[in-house]
Amino acid sequence: MKRLLILLIVISSFMYGAKEKKGQRYYLQRCGKCHGSGKMWGNVATQAEWKSFFTTDIKDLKDFHQDNPKVLKYLNSEEFKKEKGRMYRFLQEFASDSESIPSCNN
C-alpha cells in the first residue's frame, strides 16, 4: 500500500510538470516572438497579476494587446480557450513572487 501511494505521488507530480511544459510550449509559440522566453516575461508579474490577466473574461489581457489585431484574434479564438489554462499555470509557476527559480533547461 505504501508503494502504491508513493507511485501515485510520483505520477501526479510528473503529470503536473507535463501541464506546465505544455503551457510553456503554448507560451513560446504564441507569445514568445514579442515577449521572449517565459523565464524573462513570466516573472515581470506576480501570481495575483497573472490571475487578473487570465480572469474576468481576459479583459486585462485584451486591453494590454489592444493595438495588435493578430493577438486579439488569437485571444478570442477557441484555440486560446483550450490553451489558456496550461499557459496560465506556466506563468504562475514563474511569476515574480513564486518560489520557482527558472533553470537553464526550463
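User: Among contacts between residues at least 6 apart in sequence, what percentage join residues at least 24 apart?
Analyst: That comes to 62%. Keep in mind that this is a predicted model.

User: OK, and how many helices and strands are there?
Analyst: The protein has 7 helices and 0 strands. Reading from the N terminus, the order is α-α-α-α-α-α-α.

User: What share of the residues is buried?
Analyst: Of the 106 residues in the protein, 27% are buried. The protein exposes about 7,600 Å², with 59% of that supplied by carbon and sulfur atoms.

User: Switching to helix 7. Where does it bend?
Analyst: At Lys84, by about 45°. End to end, the C-alpha atoms of helix 7 (residues 78-93) are 24 Å apart, and that agrees with the 22 Å its 16 residues should span at 1.5 Å a residue.

User: Which of its residues are buried?
Analyst: In helix 7 those are Phe80, Glu83, Met87, Phe90, Leu91 and Gln92.

User: Now His65. Where does that sit?
Analyst: His65 is in the loop that runs between helix 5 (59-64) and helix 6 (69-75).

User: And is His65 buried or exposed, and why do you call it that?
Analyst: Buried, because its relative accessible area is 14%, and the cut-off for buried is under 20%.

User: What is His65 in contact with, leaving aside neighbours within four places in sequence?
Analyst: His65 contacts His35, Val71, Leu72 and Leu75.

How values were computed: Residues numbered from 1 in each chain as written. Predicted model: local features only at pLDDT ≥ 70, side-chain atom pairs only at ≥ 80, totals over all residues. Heavy atoms only, no water. Helix = DSSP H or I, 4+ residues; strand = E, 2+ residues; numbered from the N terminus. Buried < 20%, exposed > 50% of the residue type's maximum accessible area, 1.4 Å probe, protein only. Contact = heavy atoms within 4.5 Å. Expected span 1.5 Å × (residues − 1). Bend = angle between axes of the 7 residues up to and from the residue. Areas by Shrake-Rupley, 256 points an atom, 1.4 Å probe, with all protein chains shown as cover.
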